[in-house]
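The paragraphs below lead from one part of the chain to the next.

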Amino acid sequence: MASSSPDTPCSCDCFVSVPPASAIPAVIFAKNSDRPRDEVQEVVFIPAGTHTPGSRLQCTYIEVEQVWKTHAVILSRPSWLWGAEMGANEHGVCIGNEAVWTKEPVGEGEALLGMDLLRLALERSGTAQEAVHVIAGLLERYGQGGSCREDPVPFCYHNTFLLADRTEAWVLETAGRLWAAQRIQGGARNISNQLSIGADISAEHPELRSHAKAQGWWTGQGPFNFAEVFSLAQQPVRMEAAKARFRAGCELLQQQQGSITAEGMMGILRNRESGICMDSGGFRTTASMVSVLPQDPTKPCVHFLTATPDPSRSVFKPFIFEVGVAQAPQVLSPTFGAQDPVRILPRFQTRVDRRHLLYRGHQAALELMEDKQETAEKQIRQKQQSLEQEGLEVLRGLLTGDQTLPPQGLGSLFQAFVEKEHQAYA
């Protein structure tokens with residue numbers, strides 16, 4: 001059975017604020033993706049599409065049956081795989097996933113990665129609740145499994161998900177093909193690499209309780225607490241460490257209850273003291289995302305993505321699904337086709353350079369900052385902060401109705417901000 005070692009990259013943090021916790025009438029979603037420190041995340045736009053009935057779709061390791069229609073999505077993903085760590089679709093559905101280990105064994109057989117499940121749900125769902133059912137159905141049919149890092153030593157885990165749309169959020173936690181889900185219709189919630197759903201279960205796998213009873217994990221008497229029943233008695237080291245991050249995340253959300261904003265969420269993702277902004281043990285926060293999903297359907301959802309590591313020294317750049325939206329080439333990694341180490345069996349025997357242009361520029365800027373060149377560091381930070389504030393002004397203008405950019409201007413917004421950031425580093 002694949003398990004985690006003390007240096008295994010397996011930490012992430014997801015947050016959501018649903019009114020009245022938000023300062024504005026909007027659901028606010030956020031995630032830090034913590035991965036191997038040298039792994040590159042790209043930001044990929046996939047347009048909506050129609051597909052031939054009965055056609056097959058190649059995911060990271062296995063094929064699944066394609067559906068006839070898929071929604072447009074924006075994804076932040078490790079550039080070697082098909083799925084994504086976090087993303088959103090044109091209908092305002094956002095999803096982030098996290099690693100988890102439970103009493104259900106984690107096998108090394110290749111199936112759907114949690115990141116594949118995330119992308120499939122975004123492409124196939126119009127609401128967060130529908131995304132829960134899409135993932136549940138895919139789990140039942142195909143299962144989850146396969147190595148989740150670009151390394152010849154397999155590293156496998158099961159997944160939890162935070163899903164949000166304009167009106168509500170859901171937490172979905174899995175153990176093999178089994179699952180439990182909790183609906184959040186108000187307040188703030190976070191998840192951090194551990195089971196967190198107790199007895200407040202809104203939906204579940206039909207065999208969840210009978211399986212737990214058959215395994216001797218639950219007597220069948222009294223309340224059924226999913227986290228207590230399915231959590232390991234002895235947690236992997238990183239899952240134990242995640243408990244402190246989870247508590248810190250709860251406290252940071254609680255401090256802002258009723259006044260949570262996009263900037264507030266960005267601040268939480270940049271919090272180093274709690275470990276939420278991660279840089280430890282061979283892994284770090286490799287990309288971040290904050291989404292504002294207005295309850296008013298006439299206002300556009302705005303998704304802020306970094307496409308670079310360390311949110312405390314990155315720029316959250318706005319993306320909007322509008323006329324003229326297209327792929328920003330500076331945040332797209334090179335491709336290697338059939339020669340990609342993920343495609344050659346046995347997998348991951350060699351490494352390739354997956355850095356995209358913005359990653360390279362940001363990497364050079366970080367090196368200047370880490371060399372303690374104070375003048376350069378100050379100039380870079382000022383440019384980053386100015387650019388991010390410009391994006392937040394766009395958000396404020398859209399929410400208040402003062403923003404006058406034409407739809408095609410909104411569609412090209414992310415591209416324009418990526419170009420400005422790249423020029424700042426040049």
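The model is a predicted one, and the account begins with strand E12, which spans residues 169-175. Seven of the seven residues of this strand are buried, so E12 is largely enclosed by the rest of the structure. The burial concerns both faces of the strand. On one side lie Ala169, Val171, Glu173 and Ala175, and on the other Trp170, Leu172 and Thr174; all of them are buried.

E12 has a pairing partner in strand E11, residues 158-164. These two strands run in the antiparallel sense and are joined over five bridges. Between E11 and E12 there are four residues, and the two strands form a hairpin. Within this pairing, Trp170 of E12 has Leu163 opposite it.

Strand E13, residues 178-184, also pairs with E12 in the antiparallel sense, here over seven bridges. In this pair, Ala180 of E13 stands opposite Glu173, a residue that is buried on one face of E12. E12 and E13 form a hairpin with two residues between the strands, and in it Gly176 takes a positive phi near 65 degrees.

The second stop is Tyr61, in the loop that connects strand E5 (56-58) to strand E6 (63-65). The relative accessible area of Tyr61 is 8%; because the limit for a buried residue is under 20%, Tyr61 counts as buried. Beyond its neighbours within four places in sequence, Tyr61 is in contact with several residues, including Trp80, Glu110, Leu113, Val342, Arg347 and Phe348. Ser147 is also one of these contacts, and its backbone oxygen lies 2.7 Å from a polar atom of the Tyr61 side chain. Leu81 is 20 residues from Tyr61 along the chain, and the C-alpha atoms of the two are separated by 8.8 Å.

The last stop is Ser274, which belongs to the loop between helix H6 (262-269) and strand E16 (279-280). Its relative accessibility of 18% is such that Ser274, too, counts as buried. The side chain of Ser274 makes a polar contact of 2.9 Å with the side chain of Asn271. That side chain of Ser274 also reaches the backbone nitrogen of Ile276, at 3.2 Å.

Conventions: Residues are numbered from 1 along each chain as its sequence is written. This is a predicted model: local features need pLDDT of at least 70, side-chain atom pairs count only at pLDDT 80 or more; totals for chains, interfaces and linings use all residues. Side-chain values use heavy atoms; hydrogens and water are left out. Buried means under 20% relative accessible area, exposed over 50%, partly exposed in between (1.4 Å probe, protein chains only). Two strands pair if DSSP finds at least two bridges between them. Contact means heavy atoms within 4.5 Å. A polar contact is a pair of N or O atoms within 3.5 Å; within protein, one must be able to donate a hydrogen and the other to accept it, and residues adjacent in sequence count only if both atoms are side-chain atoms.
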